[in-house]
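Trainee: I'm new to this one. Could you show me how to read its features?

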Amino acid sequence: LEPEPPFHHFQLGRAAAAAGDWQGAADHFERELRLHPRQDEVHVWAAHAWRELGDLKRARRHAAAAVEFSSTPLRRRQYAAKLDQLRAAPRPL
C-alpha cells in the first residue's frame, strides 16, 4: 500500500498554482518528481512554477526534461516550443 494516492503531490501542486502559491506549487511538483521522475506533464508544471518564481534556469531544466520524457510527437513539439520560449527569455544578472 502507498502512504499517499498516486500523483498526490502533483494534484496539490496544481491546486497551489491555481491559488497563486507558486513556491508551494514548485515544492509539490519537485516532491512528485522524486517519486515519478519521468512524468512529462509534471515537468511542464514545474517549469511553469519556476518561471513564475523567476528561476529560469530551473524552468529551462524542467522544460527540457518534459521534451525528453514526452510520450507523443505532438507533446514533444508543444514542450519544445515552451522550452524555446524559456530559452529566449532574458537571463537574470
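Trainee: Which residues line the largest pocket?

Mentor: Rolling a probe the size of a water molecule over the atoms shows where empty space is left. A pocket is an open set of points on a 1 Å grid over the protein atoms alone where a 1.4 Å probe fits, with protein on both sides within 12 Å along at least five of seven lines, and lining residues have an atom within 4 Å of a point. Here the lining is Val44, Trp45, Ala47, His48, Arg51, Ala63, Ala66, Tyr79, Lys82, Gln85 and Leu86. Helices H3 (40-52), H4 (56-69) and H5 (73-88) each give two or more of these, and H3 gives the most, with five residues. Helices here are DSSP runs (H or I, at least four residues), numbered from the N terminus.

Mentor: By the way, this is a predicted model: local features need pLDDT of at least 70, side-chain atom pairs need 80 or more, and totals for chains, interfaces and linings use all residues. Residues are numbered from 1 along each chain as its sequence is written, and side-chain values use heavy atoms, leaving out hydrogens and water.

Trainee: How many aromatic pairs does the structure hold?

Mentor: Rings of Phe, Tyr and Trp (its six-membered ring) pair if their centres lie within 6.5 Å; planes under 30 degrees apart are stacked, over 60 edge-to-face, the rest tilted. This structure holds two. Phe10 and Phe29 make a tilted one, 6.0 Å centre to centre with 45° between the planes. That pair links helix H1 (residues 8-18) to helix H2 (residues 22-35), 19 residues apart. Phe29 and Trp45 have ring centres 6.0 Å apart and planes at 50°, so they're tilted too. Phe10, Phe29 and Trp45 form one aromatic cluster.
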